[in-house]
Amino acid sequence: FPSHDSSLCNNSCQSSIVGGECNILECNSCNSSIVGGICNTLQCNSNQSSIIGGIYNTLHCSSCNSSIVGGQSNTLHCNSCNSSIVGGSSSGMTNSNYASLIGGFDNHLFATWNSLISSGQHNFMTASQRSTILSSHYSSIENSDSSLIFAGFYSKITDSSQKSLILGCCNQISNTIDSAILGGSGGKILNSSSSFILGGGWYSFDNLPSVGLTGGNEIIGGQNNIVSGGYFAIKTNPYLIQYSYAQPNKIHSSTSSIILGGRQHNITNSVNTSIIGGDTNQSSESISSSILSGMGNDLIFAKNSNIF
């Protein structure tokens with residue numbers, strides 16, 4: 001029952017337009033419908049699909065069993081089956097199956113499966129499966145599996161990462177399995193597995209977020225490592241000269257090692273080694289050793305050793 005200049009192609013069998021204005025249901029889309037809304041378009045060969053309400057939404061060709069519900073200027077591109085866009089504005093998906101976009105603005109899915117972006121703005125996900133971005137801004141998941149970014153902004157999970165989680169701002173996980181950054185800013189885990197960064201700060205006295213931020217806590221290589229504490233700050237003076245204060249904690253190429261609290265600690269090429277609190281302590285090529293507080297202590301080629 002098309003109305004108000006709506007158009008229903010005769011070759012779309014058992015399909016309908018109910019109410020609304022200026023809606024178009026094109027040819028060879030069977031068992032499909034447009035209900036209400038303004039200037040929505042359901043294109044050819046999209047069977048068992050629907051657009052309900054909203055304005056200027058488009059469901060492109062060969063997207064079967066899919067739907068757009070409400071929202072404005074959303075696009076479900078070709079070959080996205082069993083997928084949906086609910087609310088939001090200026091968002092879209094392409095070649096994504098069993099996928100969903102819920103709310104938000106300018107969020108996008110490309111070649112994903114069983115994945116979701118909900119709320120937030122300017123997020124995107126590509127070549128990923130079973131992954132989710134929730135209530136974040138300017139964040140991305142690329143070529144990853146079973147991963148999650150929750151809240152914050154400018155975070156990313158990339159390069160075949162699996163079962164990874166980011167909370168917070170400007171954090172990065174790449175080529176990593178079973179790892180997480182829980183809070184904090186500017187942290188990164190690269191080429192590691194079963195590793196965790198717990199908090200740690202990046203602070204801008206100017207209250208401005210930074211794209212491609214570096215300087216936070218980091219874990220690179222190795223496995224089963226934990227880092228917390230650390231500090232990184234940035235400030236712009238009245239002459240627009242930018243100063244940074246980098247005092248992060250870092251674990252590189254180590255196994256089952258931990259840094260808890262303090263700042264500017266480093267553990268490199270070590271096993272079962274820990275630094276607990278203090279400042280500027282480091283361990284290199286050490287096994288089953290620890291530094292408990294203090295400043296400027298070194299464990300070099302140590303074994304079963306402790307500094308108190």
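This is a predicted model: local features need pLDDT of at least 70, side-chain atom pairs count only at pLDDT 80 or more; totals for chains, interfaces and linings use all residues.
Residues are numbered from 1 along each chain as its sequence is written, and side-chain values use heavy atoms, leaving out hydrogens and water.

**Strands**
- The chain has zero helices and 37 strands; helices (H or I, at least four residues) and strands (E, at least two) are DSSP runs, numbered from the N terminus.
- Strand 20 and strand 22 (residues 180–185) pair in the parallel sense over four bridges; pairing takes at least two bridges found by DSSP.
- Strand 18 (residues 148–150) also runs parallel to strand 20 (residues 165–169), joined by three bridges, and here Leu148 stands opposite Leu165.

**Aromatic rings**
- The chain holds three aromatic pairs (rings of Phe, Tyr and Trp, using its six-membered ring, with centres within 6.5 Å; planes under 30 degrees apart are stacked, over 60 edge-to-face, the rest tilted).
- One of them is Tyr138 with Tyr154, which is stacked at 5.0 Å centre to centre and 20° between the planes.
- Tyr138 lies in the loop between strand 16 and strand 17 and Tyr154 in the loop between strand 18 and strand 19, so their pair ties together parts 16 residues apart in sequence.
- Phe153 and Tyr154 have ring centres 5.7 Å apart and planes at 90°, so this pair is edge-to-face.
- Tyr138, Phe153 and Tyr154 form one aromatic cluster.

**Burial**
- Buried residues (under 20% relative accessible area; exposed is over 50%, partly exposed in between, with a 1.4 Å probe and protein chains only) make up 44% of the 308 residues.
- Tyr138 is partly exposed at 43%.
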